[in-house]
Amino acid sequence: MNTRLTRVLVLDDDQLQLKIMRAMLDRVVGAHSTCTDDPQDAIASIKAGEVDLVFLDLNMPRMNGLEFMKALGSIAYRGALVLVSAHNDRVLESSKDLAVSYGLNVLEILRKPVVLESISAIVQKFDSSAGPVKKAGNVSGKASITVEEMQLDIAGVTDNLTLVYQPKYAMATGRIAGYEVLSRWQQDGVLLSPQHFIPLAHETGLIDELSMRIYRKALEANRDLRRNGFTVEMSVNFSIGTLSLQGIVERLVDMAQEYETDPSLITLEITEDQIYGSIQEYLEKLMYLIFRGIKLSIDDFGTGQSSLSQLKSIPFSELKVDRSFVYQASQDYRSAALFESSVRLARQFGMSVVAEGGETSEDWEFARKLGCDYFQGYYKSKPVVFDAILALLQRERADAAG
Ligand code: G
Ligand code: MN
């Protein structure tokens with residue numbers, strides 16, 4: 001029985017289909033449904049906050065369902081969405097991906113013909129979920145950092161750039177094997193993530209200086225951990241363009257020495273989509289780095305344009321499988337397939353593999369079965385401040401001892 005009085009809206013341009021849906025919904029949610037063939041009407045009801053659950057037919061001869069989906073995204077519809085279509089599963093799944101990219105919460109995809117049982121199951125699923133799910137994946141708020149603020153920080157006048165650390169766990173032992181350094185910007189007591197300032201740094205040519213500042217702070221923290229008794233490997237994200245700076249390899253190595261950090265503790269994570277154009281231009285610098293003992297990791301693997309050719313050219317020692325393939329891989333055969341072949345590729349190149357962005361025990365188990373070496377994701381730990389990663393390391397040591 002529907003006790004929460006879920007308010008359902010159905011958009012379909014087929015009158016017979018609307019009639020059938022109305023009849024089924026009458027049985028499931030009583031009179032709380034709106035069945036319409038008018039997208040304007042539908043948007044108006046949703047904007048008025050009168051809808052919790054939308055059934056959208058994507059196969060409407062006289063109307064563009066995808067367009068409507070986009071409109072839902074642009075009015076930031078926070079309720080749930082069910083996509084209905086006669087298309088095959090792959091088309092439906094891709095439509096779902098599109099909806100998610102608009103920030104929509106897709107509760108279910110439904111193949112036609114629709115039957116009473118599935119409608120009832122969906123409404124029940126909606127009722128037992130914790131209400132409308134939050135908007136996914138978007139940059140929150142209107143935070144803005146100016147070029148001046150960034151320059152002041154780089155000049156050392158302010159100190160808003162701060163680091164957090166996300167542990168990377170060895171899958172064989174479950175213990176911390178290292179961590180990734182992630183940058184944040186402190187503004188009015190909140191920590192803003194890189195998408196709020198890294199793109200601006202790229203646009204304004206400040207990225208090199210910003211990267212060097214991040215690198216320095218990372219070395220400082222690594223030294224402080226060592227002073228607390230923990231010699232730990234760290235990974236730092238690095239923009240490949242910065243490698244064209246004069247004398248960059250020497251600077252990186254010298255700075256490591258300044259902080260008494262053995263270069264073998266350092267991995268630079270290079271996002272593959274930054275390596276467009278001539279790889280050869282950077283290859284020389286990358287090789288120098290490797291010969292000086294710094295390791296290279298290919299980050300967000302699978303999302304860039306030319307991942308495979310980069311693998312061929314650059315001797316990365318580690319591959320990080322992008323979280324879009326790791327997260328819920330066991331429930332999506334497409335993610336699973338790409339995840340599995342990434343692991344196999346890494347093996348053939350003699351690289352170690354990090355599964356990034358796993359959030360559940362299923363994600364951990366799936367990564368383990370595929371033979372990943374490391375796991376870095378919310379399931380084990382979010383990125384944390386210095387004191388917290390120190391505490392994690394201390395707890396681990398205490399547990400091992402006693
Ligand atoms: O591009 P790169 O892989 O360096 O980005 C790491 C980002 O991924 C960080 O901002 C970090 O906060 C985020 N992240 C790490 N683990 C998880 C996870 O399990 N889930 C989600 N949604 N984000 C994660
Ligand atoms: Mn990274």
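1. Let's start with the strands beside the ligand. In this predicted model, the shell around ligand 1 draws at least two residues from each of two strands: strand 7, spanning 176-187, and strand 11, spanning 295-301. Strand 7 is the biggest contributor, giving three residues to that shell.

2. Next, have a look at who sits around the ligand. There are 15 residues around ligand 1, and those that come nearest are E180, R323, E356, E359 and Y378. Sorted by class, the shell holds seven charged, five polar and three nonpolar residues.

3. Now zoom in on the oxygen atoms of ligand 1. One lies 2.6 Å from an N or O atom in the side chain of E356. For the side chain of R323, the corresponding distance from an oxygen atom of the ligand is 2.9 Å, and for the side chain of D300 it is 3.1 Å. As for cover, ligand 1 on its own has 520 Å² of accessible area, and the protein covers 81% of this.

4. Look for T6 in the segment before strand 1, which runs over 8-11. Is T6 buried or exposed? T6 counts as buried, because its relative accessibility is 1% and the cut-off for buried is under 20%.

5. What does T6 touch, leaving aside residues up to four places away in sequence? The list is V29, H32, D52, L53, V123, F126 and D127. With D127 there is also a polar contact of 2.6 Å, joining the side chains of T6 and D127.

Terms used:
Residues numbered from 1 in each chain as written. Chains lettered and ligands numbered in written order. Predicted model: local features only at pLDDT ≥ 70, side-chain atom pairs only at ≥ 80, totals over all residues. Heavy atoms only, no water. Near = heavy atom within 4 Å. Polar contact = N/O pair within 3.5 Å; in protein donor to acceptor, adjacent residues only side chain to side chain. Areas by Shrake-Rupley, 256 points an atom, 1.4 Å probe, with all protein chains shown as cover. Helix = DSSP H or I, 4+ residues; strand = E, 2+ residues; numbered from the N terminus. Nonpolar A, V, L, I, M, F, W, Y, C, P; charged D, E, K, R; others polar. Buried < 20%, exposed > 50% of the residue type's maximum accessible area, 1.4 Å probe, protein only. Contact = heavy atoms within 4.5 Å.
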